[in-house]
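Visitor: Could you show me how to read helices and chain contacts in a model like this?

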Amino acid sequence: MSVGPPRGGAPPFPPGTGQVVLEPAEAELGPTEQMRTLYRLSDPALSELGLDELLGELLVRVQDALSVDTVAILLYDEEAQQLVARAAKGIEEEVEQGVRVPIGRGFAGRIAAERVAIFVADVDHADILNPILRQKRIRSLLGVPLIVEGDLIGVLHVGSLKPRTFGPRDVAVLQLAAARAAPGIERARLFSALEYEHHAAMILQRSLLPKHLVEGPGISAAARYMPATHEVGGDWYDVFPLPHGRFGVVIGDVVGHGLPAAALMGQLRTALHAYAILDHSPAGTLELVDRLMQTLPAPAMATVAYAVLDPDTGVLRLASAGHLPPLVVGGENPRLLGVAAAPPLGAFPYASWEEQHINLAPGETIVFYTDGLVERPGVPLMDSIDRLLEATAEAGSAEEACRRAAENLIPPGRLRDDIAIVALNYGPVPSEFQMRVAADPNLLVEVRRDLRRWLRSQGVPETDSREIVLAVNEACANAIEHAYSPAPAEFDLAATRDGDAVTVTVSDRGSWRSPRGQNRGRGLGIVEAAMDDVKIGTTDNGTVVRMCIKVADEPG
Amino acid sequence: MNLGDVQLKTQDSMVIARLTGEIDLSNAQGVGQAIARGITHEALGLVLDLTGLDFLDSAGVQLIYQLRRDLRARGQDLILAISDDSAPADTLRLAGISSQLRIRKTVEEALAAGAAGPE
């Protein structure tokens with residue numbers, strides 16, 4: 001076996017440093033002893049370990065083989081031209097304090113610079129930089145370089161609290177340990193660095209993507225994200241509620257890979273969300289994010305499509321910054337939305353974006369995706385997009401659209417690029433309105449939104465709709481406040497239109513007392529003032545409020 | 001996204017509370033507390049700006065009553081700014097209390113009414 005030979009032989013040691021350069025001495029180990037030590041230090045199990053575990057195990061085995069008090073491994077930081085204490089036994093302070101030794105100076109620094117084994121018989125009379133070695137009252141030291149394929153990767157040294165002359169046998173064992181351990185350390189270190197980056201990027205990416213997509217009355221959402229096999233990218237998607245009951249949906253793809261792309265994605269996602277909730281238009285929101293990107297220290301670019309859906313009307317306002325065109329599927333006319341050619345965010349100074357308005361029919365789903373889904377070597381992009389449209393054309397829900405897209409477009413095996421898909425379904429409006437609601441004041445907004453949408457679908461004019469929604473809201477608030485049931489309470493809501501009459505019933509399972517306090521009395525007063533006919537009936541099971549109103553026919 | 005929101009500012013010695021979004025049983029109390037905290041002793045009164053509000057229910061009416069009671073006890077005015085033909089206007093009309101409140105169509109008119117002193 002070989003130990004990395006000193007380059008150009010061991011130079012003469014400066015006098016008075018108390019250090020002795022030693023020649024490699026493997027011949028000193030007897031065959032049996034060598035085999036045993038070799039085995040202990042090259043145990044196949046060691047190669048399964050991560051860097052920290054491997055170093056920890058090596059320390060124990062070296063300490064055991066040489067009967068020493070301290071063992072330390074310092075790894076070479078090429079950028080800083082320093083050795084950094086990475087693992088230690090008996091002198092754990094080295095690692096805790098992050099001891100750094102410049103190459104070429106002191107005990108370990110010289111071992112690294114000269115690539116030689118060095119023996120220090122008496123620490124007190126030697127050129128030792130690291131105060132911890134003195135503080136721990138280490139008397140004698142022996143160290144060897146860790147070398148892989150001619151490259152220095154660190155230093156391994158052992159110490160004794162009693163004066164000890166490390167003999168040729170000790171040097172041989174330590175060199176053997178170093179020779180055996182170095183490639184393992186290097187492999188584990190490289191793997192750890194890559195793993196760390198990949199892992200960190202994955203964790204960041206996952207933490208930045210929404211865990212649950214926001215949904216609302218008439219709106220359901222679904223999404224998929226698949227990281228590339230070897231590298232995390234900067235794809236993201238989001239669905240969030242906006243003022244006036246609207247919903248924002250966004251998909252984006254940051255140019256680049258790995259941690260920087262994931263981190264930038266996080267910034268852009270937050271920035272876009274922050275501008276969007278201030279009720280900026282989709283094009284205005286993209287412009288603001290672009291201006292923010294222009295101020296970032298490093299150049300950044302991303303394709304983004306952002307759309308705002310009004311669930312009351314089905315109108316979708318869409319702006320796209322160089323992103324692939326979305327699909328509208330699940331209706332009578334599955335189609336690819338033509339998107340005007342526009343630059344990505346961050347590409348040119350003072351760019352602006354156009355906005356288009358799309359009318360979604362109830363039941364239709366809009367599908368956004370990133371290029372990872374449709375870019376295949378040797379396949380024209382439009383062919384892939386056509387396949388995607390074909391696969392999702394009849395999807396009845398956002399979830400089904402995502403599933404069909406993933407099943408039909410994602411190739412088996414490893415992914416070259418990450419893939420994001422997000423779909424938003426504009427739900428169909430039933431001819432008869434029915435809803436079961438938990439007795440929670442926070443759900444009143446959903447009742448109102450669903451009811452408004454249904455009333456619009458029934459051609460009920462806005463002024464009538466407002467009064468009906470208010471009256472029903474008050475009846476529901478009553479049901480919520482009277483929900484005495486110890487089990488999670490619910491109430492039922494039903495509405496029908498018959499000719500010019502709209503009838504709404506709210507049924508709960510509580511018994512209404514006479515109005516408590518002025519406020520509830522006021523609520524009932526509003527119900528009676530708003531509706532033409534109100535009947536409150538008490539059954540064995542609960543209370544039913546039946547409200548009726550004649551509405552004007554919507555002109556046209 | 002919050003269901004409703006409130007922004008406070010002071011102008012011409014009046015506190016202006018602008019309500020946006022929707023006010024209902026779920027958030028009326030919190031909104032009322034935020035406004036009450038924002039009314040200083042030096043203020044002549046409060047302009048409650050409902051011109052940007054999409055919905056107001058009876059819990060919101062209760063909030064207005066509570067504010068009026070508290071302000072009266074301190075000798076401060078309450079003036080509402082409400083657009084005609086809006087959801088909050090419907091609510092106050094159907095609750096039968098429009099006539100009991102000082103209502104103007106815009107914040108500017110409400111401020112002018114505040115400067116003119118109590119009716």
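Predicted model: local features only at pLDDT ≥ 70, side-chain atom pairs only at ≥ 80, totals over all residues.

Guide: Residues are numbered from 1 along each chain as its sequence is written, with chains lettered from A and ligands numbered from 1 in the order in which they are written.

Visitor: What should the 20 residues of helix α13 of chain A span?

Guide: Helices are DSSP runs (H or I, at least four residues), strands too (E, at least two), numbered from the N terminus. The expected span is 1.5 Å times one less than the number of residues. For α13(A), residues 462-481, that should be 28 Å, and the end C-alpha atoms are 28 Å apart, so the two agree.

Visitor: How do α10(A) and α11(A) cross?

Guide: Axes are lines fitted to C-alpha atoms, for helices over the stretch in contact, with angles from 0 to 180 degrees between N-to-C directions. Helix α10 (residues 381-392) and helix α11 (residues 398-409) of chain A have axes that come within 9 Å and cross at roughly 135 degrees. That makes α10(A) oblique to α11(A) (under 35 degrees is roughly parallel, over 145 roughly antiparallel, 65 to 115 roughly perpendicular, the rest oblique).

Visitor: How many residues of chain A are in contact with chain B?

Guide: Contact means C-beta atoms, placed from the backbone, within 7 Å. Here 24 residues of chain A are in contact with 20 residues of chain B. On the chain A side, β9 (233-241), α12 (444-457), α13 and α14 (517-530) each give two or more residues. The largest share, 7 residues, comes from α14(A).

Note on methods:
Contact = placed C-beta atoms within 7 Å.
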